[in-house]
Amino acid sequence: AKMRGAYLMDPRWATPMRRAAMEIDYEKIISKEETRELSEAEIFKRVQAGLYQDDTSYQLEKKILIKSERRAEQVEKVIFQCQACNEFSEFQASGNIFSCHNCQQKFELDVYGFISSPEGLKFDNLRDWINWQNENFVTFLRTEYAKGGEKPLFSAKDMSIERARGNEPMDKLGLGEIHFYNDRLQVNINDEIIHLDHKGITSLSAQYLERIELFHEDLAFRFVSKKHFESGLKWELATNVIWSLTGDEHKVASYFAKLIKA
């Protein structure tokens, strides 16, 4: 079952869902006889190809109306480089508009989900913007790692911080800051400074693209922004790049592997 238009109705970075038409196509892609002949890798490849859907290209053709006046809200979960000033910046979204904190440029998502203003943009859609941003971010991280600097590469303030040991419930520590360095994450909470070296982090994921959750040895941490939507995607991608540069390729998420190796 291939869903066409699902991203228009329910992009992973946004809540609530929007009102938009969606089609579901059903197609038999593997016969009973083929399951005996094909390898698991061949079956996976065929299923993956059968499910693949590019809703940006689909929308260029279909022009489906997205019935919502909150089309841009929460887009800052996935956008963190401005295509106007090129800075890795925070964004703020409200209604159908989102803006860059660095240059104050405003961007509008139209009724079809495309970026309609301002003029002269590099990209009129979020797919191409995110791909461009992520490639630039990987290059930035590699360059900064090679320099070996002692300053944080990026930070996040006003983060709600929780911590647990083993199977214990999460303990709310309060509001603090997290800083991303070449060799560690640094957590500043009240009068405590916690160093989480990248080698010791066994996994880090961006739940709902904003809630950063990680395991470091026998400790679990959760970070959630309280003032705006911090991009968990940025933190997850950065950690995966550092793992790839420090011999921890086995930790790299499969969905980042191709981007990081490019």
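Helix 6 covers residues 232–245, and its 14 residues should span 20 Å at 1.5 Å a residue. Its end C-alpha atoms are 20 Å apart, which agrees with that expectation. The expected span is 1.5 Å times one less than the number of residues. Helices (H or I, at least four residues) and strands (E, at least two) are DSSP runs, numbered from the N terminus.

This is a predicted model, in which local features need pLDDT of at least 70 and side-chain atom pairs count only at pLDDT 80 or more, while totals for chains, interfaces and linings use all residues. Residues are numbered from 1 along each chain as its sequence is written, and side-chain values use heavy atoms, with hydrogens and water left out.

**Helix 6 and its surroundings**

- Buried means under 20% relative accessible area, exposed over 50%, and partly exposed in between (1.4 Å probe, protein chains only).
- G247 follows helix 6 and has a positive phi, near 85°.

**Cysteines**

- The whole structure contains zero disulfides, a disulfide being a pair of cysteine sulfur atoms within 2.5 Å.
- For C100, the closest cysteine sulfur is in C82, at 3.8 Å, which is too far for a bond. C100 is buried, with a relative accessible area of 0%.
- For C103, the closest cysteine sulfur is also in C82, at 3.7 Å, again too far for a bond. C103 is partly exposed, at 32% relative accessible area.

**Nonpolar surface patch**

- A nonpolar surface patch consists of M3, M22, I24 and Y26. Together they have about 420 Å² of accessible area (Shrake-Rupley method, 1.4 Å probe; for residues, only the protein chains shown count as cover).
- Patch residues have over 30% relative accessible area and no salt bridge; like charges are joined within 9 Å, nonpolar side chains (Val, Leu, Ile, Met, Phe, Trp, Tyr) within 5 Å.
- M22 sits in the loop between helix 1 (6–9) and strand 2 (23–25). M22 is partly exposed, with a relative accessible area of 30%.

**Strand 13: S225**

- S225 belongs to strand 13 (residues 219–225). S225 is buried, at 9% relative accessible area.
- Leaving out residues up to four places away in sequence, S225 touches D158, M159 and E230. Contact means heavy atoms within 4.5 Å.

**Salt bridges**

- There are 16 salt bridges in the structure. Each is a side-chain nitrogen of Lys or Arg within 4 Å of a carboxyl oxygen of Asp or Glu.
- D128 pairs with R127 in a salt bridge, with the closest N and O atoms 2.9 Å apart. D128 is partly exposed at 25% relative accessible area. R127 is partly exposed at 28%.
- R222 and E162 form a salt bridge through their side chains (3.5 Å, N to O). This pair links distant parts of the chain: R222 is in strand 13 and E162 in strand 7 (residues 154–165), 60 residues apart. E162 counts as buried, at 12% relative accessibility.
- D218 and R165 also meet in a side-chain salt bridge (2.9 Å, N to O). This pair too links distant parts of the chain, 53 residues apart: D218 is in the loop between strand 12 (211–216) and strand 13, and R165 is in strand 7. D218 is partly exposed at 40% relative accessible area. R165 is partly exposed at 44%.
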